Amino acid sequence: MNMKLSFRWYGKDDPISLEYISQIPGMRSIVSAVYDVKPGEVWPEESLEAMKRECDENNLVFDVVESIPVHEDIKLGRGDVDKLLEVYCENIRRCAKYGVKCVTYNFMPVFDWTRTQLDKKAPDGSTSLVMYWDQMRGLDPLKDDIHLPGWDSSYTQDEVRELITAYGEIGEEGLWANLEKFLKKVIPVAEECGVRMAIHPDDPPYPIFGLPRIITCEENLDRFLSIVDSPANSLCLCTGSLGCAASNDVVEMVRKYAKRDRIAFMHIRNIKIMEDGSFEERAHLSSCGSLDVYEIVKALCENGFDGYVRPDHGRMIWGETGKPGYGLFDRALGATYINGLFEACEKSLTK
Ligand code: DNO
């Protein structure tokens, strides 16, 4: 198969062993990061070297990083941005030195993904992550103390309020300008060392609490890709993130950007959009959610996609406990389903 199947692994603290991951049929690459260093600091080479060695020992390739986080000051364009960008570039060089070919990041203000519950029980007893508007409405982070699950608890509520106000002031265009500065500095370095940068879309792809969100829809992805028109400036196309806005035609997006070779990394998962726009994470299978995963894979194959793919967020099933979205069992089922779709699509294309 042309695509490179990968699995996210959180390093030594991950309850899932590399040995177990290597037993998933077709598994090739490990997606990981140096998680114990704060944004804005240089990653120790020893950590990267150890990661590479452990993967090698398990017949896996450590060649995808998720993520090198972008410091809030870069996104806000304040403080010593030049210094922070220099550190960012140095981290790319160091990753490349240990074999990394693809680096994922996002440009979401303050929070990465937003959900209101991480263990919503489905009728079959499995649990998954959900975002329900009726749990969100009425929450005002400028007034209330909010602790949504999964949010960075290293910020105090006052810091969160300060950041939200600062982002409100720069707005979407300010965020675009800071992203442009970031790309113009970082992409040439990535090109030089053979790394593809893959931006992760905003999850969900619409404003939360009035924070600007820009990596959200086709028009904005076009704008993003044209800032630096290079395969080193590519997408991490996350079907579940883009897919929870019903206005996004994920299959068409995959087709368009795969054809132009601007997808470096695919996060494949399924979500169910509810009537009021809320969404639930579901099993990978097309019939379990709102996305047609077969059409997504077909669009990749028809356009010669040969980048990285990982089964994204799984449910918790079979009594497994662990990091919400990142258990072994359901992601392994997702991997096997993805393998099946790719094999079928590729074989039918070569016939
Ligand atoms: C969620 C992930 C994201 C992703 C980052 C990339 O599970 O898809 O946290 O890793 O947004 O920077």
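**Helix, barrel and ligand shell**

Modeller: This is a predicted model. Start with the cover over helix H11: the elements over its buried residues include strand E1 (4-8), strand E9 (263-268), helix H10 (293-302) and strand E12 (308-311).

Biologist: Which residues of H11 are called buried, and what makes them so?

Modeller: They are Asp330, Arg331, Ala332, Gly334, Ala335, Tyr337, Ile338, Leu341 and Phe342. The cut-off is 20 or more other C-beta atoms within 10 Å.

Biologist: How do you know what span to expect of H11?

Modeller: Helix H11 (residues 329-350) has 22 residues. The expected span is 1.5 Å times one less than the number of residues. That gives 32 Å, and the helix reaches 32 Å from its first C-alpha to its last, close to expectation.

Biologist: What is the strand order in the barrel?

Modeller: Eight strands close in the order E1-E2-E3-E4-E7-E8-E9-E12, with parallel pairing. Neighbouring strands of this sheet are turned by 30 degrees against each other on average, direction ignored.

Biologist: Why do E7 and E8 count as paired?

Modeller: Pairing needs at least two bridges. Strand E7 (residues 196-200) and strand E8 (residues 233-238) have three bridges, so they pair, in the parallel sense. Met197 has Asn233 in E8 as its bridge partner.

Biologist: Which strand gives the most to the shell around the ligand?

Modeller: Strand E4 (residues 102-106), with three residues. The residues around the ligand include Thr104, Tyr105, Asn106, His200 and Cys238.

Biologist: How does that shell divide by residue class?

Modeller: Into three nonpolar, seven polar and two charged residues.

Methods:
Residues are numbered from 1 along each chain as its sequence is written. This is a predicted model: local features need pLDDT of at least 70, side-chain atom pairs count only at pLDDT 80 or more; totals for chains, interfaces and linings use all residues. Helices (H or I, at least four residues) and strands (E, at least two) are DSSP runs, numbered from the N terminus. Axes are lines fitted to C-alpha atoms, for helices over the stretch in contact, and angles run from 0 to 180 degrees between N-to-C directions. A residue is near a molecule or strand if its C-beta atom, placed from the backbone, lies within 6 Å of it. Ala, Val, Leu, Ile, Met, Phe, Trp, Tyr, Cys and Pro count as nonpolar, Asp, Glu, Lys and Arg as charged, and the others, Gly among them, as polar. A residue is buried if 20 or more other C-beta atoms lie within 10 Å of its own, exposed if 12 or fewer, and partly exposed in between; C-beta atoms are placed from the backbone. Two residues are in contact if their C-beta atoms, placed from the backbone, lie within 7 Å.
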